[in-house]
Amino acid sequence: MSYKVGILAMYLTGRKLEEVSYFRKLSVTGRKMGIEVLVFTPDDVVDSGERVLALSYNPEQKSWVRKKVSFPPIIYDRCRYHGTNNYQKLMRFRTTYSKLHFMSRPLANKWKMHQILSEEDRIASHLPSTVRYQGTEELKSFLKRHSVVFLKPSNGTGGRGILRLLRTKDSEVCLMQGRDPNRRILPIQHIHVDRLHDKLQSWKIADRYIMQQGIPLQLPDGRVHDYRMLVQKDGAGKWQVTGCAGRIGPSKSVTSNLHGGGTAIAMEVLLRKRFGSSDKVEEIRRTAYALGLNTVKHLESKFGKIIEVGIDLAVDPKGNVWLLEVNPKPSREVFHRIGDSQTYQKAIRRPLEYALWLLKQKSPNSEQKADP
Ligand SMILES: Nc1ncnc2c1ncn2[C@@H]1O[C@H](COP(=O)(O)OP(=O)(O)O)[C@@H](O)[C@H]1O
Ligand SMILES: [Mg+2]
């Protein structure tokens, strides 16, 4: 195998890697394409920063083996946010080895991301009204304008620490539901708005929250839903929407994230159930796809080259498409869950095809030498 692609990962507690099964699939797919996938973390750098002790998957033995190799010529950064220590370690690595070619980069927290996306008119019209959480006074007036408000930690992921407030007839009291910072579903509470501040304060994250207009996403059975779109660069360096699938949250949940117990369903099936007419479904699909592509292009103009993003989209009862969140290190499990193995395979292949395209551009005529 002449081409090498590095995957930058991060050890979690007990030296566990978060996405080993994805890395294994990348390795197996890569091998068929003539690519060796090498997984390493900032803790695996050896020989005074010259080489890394990387993991390489051996499909015959179905096991990972350690190899000492030079830094791969192209690197797929899969480090997700796991607190400030981890984040700082990643940033230190990226700064120290800034000469390496990273195919992906950290983007921005939810608040910064909202501000950046608002700059582009074609995206701004799809953004729910969003402000920084600054205290209960602002929250009260926000609740006057929007009957449903989401409070979300700017750095949160996977539905952790998300609260949904519903305005009641008594303007001082709202109905609160959500998940705690460990993603446990909170019981429904009637809560006085003045007590919300203490509530958020006790999680020590009050000033890091955003407030967002809630989009009505309840299905007839009361469960909430949304869509996950995967937008990726292809083997010619062009943006493509690889796929989009619906997610339905478990009952009593205000979030639909799969890791929070959500189930997946094909986008067309869900849209057809809600809107019936295929013209309407097609119109929504087209709007969503255009929004996905506009979003990645805008982000790339702001952050520099990126490889893929996962976009959380909502479709309200009128069929309006809303952008809820952009994920810079998206998983592709939703396509596996709906049984769409073709899209799932494509979602795994594309980062490698893009890497190959980049590598061939770097050295159009010369094949790279294999490591000794
Ligand atoms: N403004 C909103 N209106 C309705 N539902 C929302 C809203 N924001 C978030 N949600 C629900 O909460 C989930 C998690 O929110 P998201 O912003 O994607 O944060 P996370 O980073 O935790 O995934 C969404 O997938 C959606 O189900
Ligand atoms: Mg999300």
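This is a short tour of a predicted model, from the whole chain down to single residues. Residues are numbered from 1 along each chain as its sequence is written, with chains lettered from A and ligands numbered from 1 in the order in which they are written. Local features need pLDDT of at least 70, side-chain atom pairs count only at pLDDT 80 or more, and totals for chains, interfaces and linings use all residues, while side-chain values use heavy atoms, with hydrogens and water left out.

**Whole protein**

Show the protein as a cartoon: it has 10 helices and 19 strands. These are DSSP runs numbered from the N terminus, helices being H or I of at least four residues and strands being E of at least two. The radius of gyration is 22 Å, close to the 21 Å of the globule rule for 372 residues, so the protein is as compact as a globular protein of that length. That radius is taken over C-alpha atoms, and the rule is 2.2 Å times the number of residues to the power 0.38. Switch to the C-alpha trace, which spans about 75 × 50 × 40 Å along its principal axes.

Of the 372 residues, 52% count as buried; buried means under 20% relative accessible area, exposed over 50%, and partly exposed in between, with a 1.4 Å probe and protein chains only.

**Magnesium site**

Select ligand 2, a magnesium ion. Its protein donors are D312 (OD) and E325 (OE), lying 2.1 Å from the ion. Donors are N, O and S atoms within 2.8 Å of the metal (3.2 Å for Na, K and Ca); water is not among the atoms, so sites may look incomplete. The pair links distant parts of the chain, 13 residues apart: D312 is in strand β18 (residues 308–315) and E325 in strand β19 (residues 321–327). Both D312 and E325 are buried.

**G262**

Next, select G262, in the loop between β16 (239–248) and β17 (263–266). G262 counts as buried, at 3% relative accessibility. I248 is 14 residues from G262 in sequence, and their C-alpha atoms are 5.2 Å apart. Not counting residues up to four places away in sequence, G262 touches I248, G249, P250, S256, N257 and R337, where contact means heavy atoms within 4.5 Å.

**Two residues with positive phi**

Which phi value does D47 have? It is near 55 degrees, positive in a residue other than glycine. Find D47 in the loop between β5 (45–46) and β6 (51–58); D47 is partly exposed, with a relative accessible area of 35%.

End at R183, in the loop between β12 (173–179) and β13 (185–192). Phi of R183 is near 75 degrees, again a positive value in a residue other than glycine. R183 is buried, with a relative accessible area of 19%.
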